[in-house]
Structures are given as C-alpha cells and as structure tokens.
Amino acid sequence: FRSVSQSRYWAQVLLVLAAFVYVAFSLIWDKKFLALTNFQLIVALLILGTSAVTGEIQFIALGLFLHAMWDLWHLATEKRYVPWWYAGACVYIDLAAVILLALN
C-alpha cells in the first residue's frame, strides 16, 4: 500500500465509521435492520479496498456520496432505529467531504 495523505486517511476513516454507526444503531434500537446495515458496511469496506488497491480517492468520494444518499433515504422514510438529527447531520458532513475531495 502506498503512503496516504492525512486528508485521504481521514476520508477513509469517515467512510467506514459512517457505515459502522448505522450497524451500531440497528443493534441498539431495531435489529430487523441489521442485515441492511451490515450490507452497507460491506459496501463501504469494498469501496475502501478498491480505493486502497487503485490509489484513487474518487472511490472514497463516491462512497461518501452514496452514504449521503443513504442518509437522505433514512430521513425520507423516517427509519426509527437512527436519530433524525444524526442522519441529517451526516448528509451535510458527507457532502462537504465529497466537495473537499473533489476540490483536491
């Protein structure tokens, strides 16, 4: 693996943590969403792996964009296992990270 910059490192951490938090929420509040949240965590890890192998940060930006869409879906469908404020904040954080990655 190549040496990664600090911004790339934190973007990768954000992608995986953002996905993992939903797994934690489903474990705590409603286990019927566990398969769905585990699936999105696996997708995040696959995107992370693809980015690590190719060295392309665009995959991380894509993953964060997809996570923002995931958050919007949670807000629109009012899923009760995740707090509305968390999903709402995540949309802005994910999209801000995508814009920063695109600018760099």
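1. Helix α1 has 24 residues, and its first and last C-alpha atoms lie 34 Å apart, close to the 34 Å expected at 1.5 Å a residue. The model is a predicted one, and the points below should be read accordingly. The buried residues of α1 are Arg8, Ala11, Gln12, Leu15, Ala18, Ala19, Tyr22, Val23, Phe25 and Ser26. The elements that cover these buried residues include α2, α3 and α4.

2. The pairing of α1 with α2 is described by an angle of about 170 degrees and axes 8 Å apart. The two helices are therefore roughly antiparallel, since the angle is over 145 degrees. Their crossing is left-handed. On the α1 side the contact is made by Arg8, Gln12, Leu15, Val16, Ala19, Phe20, Tyr22, Val23, Ser26 and Leu27. On the α2 side it is made by Leu34, Thr37, Asn38, Gln40, Leu41, Ala44, Leu45, Ile47, Leu48 and Ser51.

3. The axes of α1 and α4 come within 11 Å and cross at roughly 160 degrees, so α1 is roughly antiparallel to α4 as well. The crossing of α1 past α4 is left-handed. From α1, the residues involved are Ala11, Leu14, Ala18, Val21, Tyr22 and Phe25, and they meet Tyr86, Ala87, Ile93, Asp94, Ala97 and Leu101 in α4.

4. Helix α3 covers residues 58-77; at 1.5 Å a residue its 20 residues should span 28 Å, and the end C-alpha atoms are 28 Å apart, which agrees. Its buried residues are Ile60, Ala61, Gly63, Leu64, His67, Ala68, Trp70, Asp71 and His74. These pack against α1 (6-29), α2 (34-54) and α4 (84-103). After α3 comes Glu78, which has a positive phi, near 55 degrees.

5. Between α3 and α4 the packing angle is about 155 degrees, and the axes are 8 Å apart. The pair is therefore roughly antiparallel, and α3 passes α4 in a left-handed crossing. The α3 residues in this contact are Ile60, Ala61, Leu64, Phe65, His67, Ala68, Asp71, Leu72, His74 and Leu75. They meet Trp84, Ala87, Gly88, Cys90, Val91, Asp94, Leu95, Ala97, Val98 and Leu101 of α4.

6. His67 is placed in helix α3 and counts as buried because its relative accessibility is 4%. Beyond its neighbours within four places in sequence, His67 is in contact with Ala18, Ala19, Tyr22, Gln40, Cys90 and Asp94. Ala68 also lies in α3, and at 0% relative accessibility it counts as buried. With neighbours within four places in sequence set aside, the contacts of Ala68 are Val91, Asp94 and Leu95. The C-alpha atoms of Ala68 and Ala24 are separated by 18 Å, and the two residues are 44 apart along the chain.

7. Not counting residues up to four places away in sequence, Leu95 touches Phe65 and Ala68. Leu95 and Phe65 are 30 residues apart in sequence, while their C-alpha atoms are 6.3 Å apart in space.

8. Which residues of the largest nonpolar core touch the most other members? They are Leu15, Ile60, Leu64 and Leu101, out of 14 residues in that core. Two or more residues come from each of α1, α2, α3 and α4. The largest contribution is that of α1, with four residues. Leu101 touches Ala11, Ile57, Ile60, Ala61 and Leu64 when residues up to four places away in sequence are not counted.

Conventions: Residues are numbered from 1 along each chain as its sequence is written. This is a predicted model: local features need pLDDT of at least 70, side-chain atom pairs count only at pLDDT 80 or more; totals for chains, interfaces and linings use all residues. Side-chain values use heavy atoms; hydrogens and water are left out. The expected span of a helix is 1.5 Å times one less than its number of residues. Buried means under 20% relative accessible area, exposed over 50%, partly exposed in between (1.4 Å probe, protein chains only). Contact means heavy atoms within 4.5 Å. A nonpolar core is a set of buried Ala, Val, Leu, Ile, Met, Phe, Trp, Tyr and Cys residues joined through side-chain atoms within 4.5 Å. Axes are lines fitted to C-alpha atoms, for helices over the stretch in contact, and angles run from 0 to 180 degrees between N-to-C directions. Angles under 35 degrees count as roughly parallel, over 145 as roughly antiparallel, 65 to 115 as roughly perpendicular and the rest as oblique. A crossing is left-handed if the near helix is turned anticlockwise from the far one by less than a right angle, and right-handed if clockwise.
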